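Work through the exercises below with the sequence and the coordinates open. Each task is followed by a solution in steps.

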Amino acid sequence: MKFRNESIFHLKTLNQEKLLNSLCKKFSLTKIDRLNEKEVKFSCDYSKYKKIEKYLKERNTEIISISHFGVMWRLSQVLTSFGLIFAILFISIGFSIQYQYIWQYEILGTEKLDKNSVVSFIAENFDKKKSKIDIVEIETALANKFNEISFASCIIKGQTLVVNIKEKLLPDEKYGQFQPIISQKNAKITKIELISGTLNVKVGDFVEVGDVLVEPYVIDSSGEIKKVEANAKIYAEVYNEGSADHYESFIDVYRTGRVCEESVVTLFGLPIYTFKTENTFKMYEVEYETTNLIQNNFLPFKLKKTKIYELEERVVETKFEDVQDEYLQKARQNALEKCEDCDKIIDEYYTLRHLSGITVVNYCIVTLEEIGEKYVG
Amino acid sequence: MFNFFGEIKENLKNTNKIGLDNFNLINISGKILYVEGHLGLVTLSKETISFKVKNAVIIVDGSEMILSELSENTLKITGKIKKVEQI
C-alpha cells in the first residue's frame with residue numbers, strides 16, 4: 001500500500017496541452033504521461049481530486065478512470081462505507097440496550113444452600129433492568145427469604161449480578177440430614193455421654209469398625225420415632241495390635257562387594273561410546289543411573305551407568321531367645337503406628353506363638369480414646 | 001537563504017536590462033530538466049516536450065520523457081534529455 005495519498009486521472013481529450021495548461025494554473029500536477037494523441041494520465045494530490053474532477057466535468061472532458069492510492073483514501077473509504085457504519089451503529093445500539101440488563105447471576109459462598117433456588121428467587125422477584133435494581137432491597141429480601149442466610153451482599157459487575165452469601169451455622173438436622181454415629185475402631189466401650197439420639201451400645205460392649213453406636217432418632221412418649229441429630233461422646237479402650245515374625249533359620253541374600261560396571265555415553269539417545277567389564281556373576285542385582293555430562297543443553301551428552309552387584313546367599317540361624325527384645329520392639333513399633341490420636345496408653349502386653357521354626361510376636365497397646373464419627377454415605 | 005540563481009544574477013548586474021528574470025532552466029545530467037517561469041505547454045509527447053517562456057519557446061528533445069511535475073510557473077521533465085533548444 002502506498003503511503004503517499006494521490007489520485008490518478010485517466011482522460012480522453014484531444015487538446016491535452018491546453019487542458020493541462022489550464023489545470024496547472026489551479027492545481028499542481030505530477031506524473032503527466034501522454035499515452036497517445038487522445039489519452040493522457042496524470043496524478044494529483046488526493047485532497048484535490050474532487051475539485052479537479054468538477055473542473056474537468058465543467059469542461060466536458062471525458063474521464064476514463066480515476067484511481068486512488070494512500071492511507072487517507074483507505075481511511076475515507078472505511079469511514080464512508082455505509083454498510084460498516086450501519087453495522088457499527090447497529091451493534092452499538094444493540095450493545096447499549098442489552099448492557100442495561102442483567103444476564104447472569106453469580107452466587108458465591110453457598111455450601112448448604114442451593115444456588116439455583118437463590119437465582120430463581122432473584123430472577124422471579126426482581127427486574128432485570130439495572131436501573132430498576134435496588135441492591136439493598138435484594139440483600140434484605142434474600143436474608144428474609146432464606147433462613148440459612150446470615151448475610152448477603154450484592155454488586156453489579158458488568159452484566160452479572162454477583163451475590164455473596166454468608167450462611168448461618170445451623171445443626172445438620174435443620175437441613176434434614178440425620179446420620180448415625182459409627183465406630184471407626186475395634187474397641188471396648190468404657191464411658192458414654194449421650195447428648196441426643198438413641199444409644200445402640202452400652203458400657204462394656206466390644207465394638208468393631210462400622211458398628212452403629214448412636215442412632216439418629218428418639219422414641220417419644222407416644223412411641224413415635226422422631227428424627228434428631230445423633231450426638232454423643234463415647235470413650236473406649238482401643239486395642240492397637242502390631243506383630244513381628246521370627247524365623248529360626250532363613251536365607252539371607254547379601255552383596256559380596258564385587259561390582260561390574262557398564263558405561264554408555266549418548267547424544268540425542270544414540271550411544272557414541274561404550275565401556276563395560278564382563279559380567280561373570282552367577283547371582284546379581286542391577287542399578288541404573290543417568291547423569292548429564294555437560295551442564296548446558298546445547299549438546300545433551302548423557303552418561304548411562306549400569307552397576308551390577310554380585311550377590312550371595314547364606315543361611316542365618318538364630319534362636320528367638322537371643323533376639324527376643326529386638327522382635328518385641330519391632331512388634332511394639334508396628335502397634336504404635338496404629339495408635340492415631342490416642343489420648344492415653346492405659347495398658348500394653350504381648351503374646352508369643354511358637355510354630356514350627358517360626359515365632360510370632362503379637363504386641364497390643366491399649367489406649368483410651370474418644371471414638372465414633374458421623375456416617376458419611 | 002542562499003539562492004543559487006540570485007547569486008549568479010547579482011554577479012552579472014544590470015539585471016532588468018538584460019531580462020534575467022524571465023525563466024530558469026536546469027538540466028541535471030540529461031535526466032531531469034527543471035524549469036521556472038514557463039508560460040504554458042505547447043507540445044507533449046514522449047520524444048518532444050515544448051513550452052512557452054517569455055518571448056520564446058523552449059523545445060526539449062529526448063526519449064521516454066514524462067512531465068513529472070507541472071504547476072503554474074514550474075515544470076519538471078524526467079527521462080533521457082538529448083537537446084534543449086530555444087527558438
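**Exercise 1. Confidence and conventions**

Task: state what average pLDDT chain B has, and what scores the predictor gives the complex.

Solution. For the complex, the predictor gives an ipTM of 0.81 and a pTM of 0.40. This is a predicted model, in which local features need pLDDT of at least 70 and side-chain atom pairs count only at pLDDT 80 or more, while totals for chains, interfaces and linings use all residues. Residues are numbered from 1 along each chain as its sequence is written, and chains are lettered from A and ligands numbered from 1 in the order in which they are written.

**Exercise 2. Chain A in outline**

Task: count the helices and strands of chain A, and find the percentage of buried residues.

Solution. Step one: chain A has 7 helices and 22 strands, taken as DSSP runs (helices H or I, at least four residues; strands E, at least two) numbered from the N terminus. Step two: of the 377 residues in chain A, 15% are buried, meaning that 20 or more other C-beta atoms, placed from the backbone, lie within 10 Å of the residue's own. Step three: take contacts (C-beta atoms, placed from the backbone, within 7 Å) in chain A between residues at least 6 apart in sequence; 67% of them join residues at least 24 apart.

**Exercise 3. Where the chains meet**

Task: describe the side of chain B that touches chain A, by element and by class.

Solution. Step one: 14 residues of chain B contact 13 residues of chain A. Step two: β3 (40–44) and β5 (56–70) of chain B are the elements that give two or more residues to this side. Step three: by class, the side has 6 nonpolar, 5 polar and 3 charged residues. Here Ala, Val, Leu, Ile, Met, Phe, Trp, Tyr, Cys and Pro count as nonpolar, Asp, Glu, Lys and Arg as charged, and the others, Gly among them, as polar. Step four: β5(B) pairs antiparallel with strand β2 (residues 29–34) of chain A over 3 bridges, where pairing requires that DSSP finds at least two bridges. L29(A) has L70(B) as its bridge partner.

**Exercise 4. The largest core**

Task: find which residues have the most contacts inside the largest nonpolar core.

Solution. A nonpolar core is a set of buried Ala, Val, Leu, Ile, Met, Phe, Trp, Tyr and Cys residues joined through C-beta atoms within 7 Å. The largest has 26 residues, and those with the most contacts inside it are L20(A), L29(A), I32(A), I49(B), L67(B), L70(B) and I77(B). β5(B) supplies the largest share, 4 residues. Not counting residues up to four places away in sequence, L67(B) touches I32(A), L44(B), I49(B), L75(B) and I77(B).

How values were computed:
Buried ≥ 20, exposed ≤ 12 C-beta atoms within 10 Å, placed from the backbone. Contact = placed C-beta atoms within 7 Å. pLDDT = per-residue confidence, 0-100.
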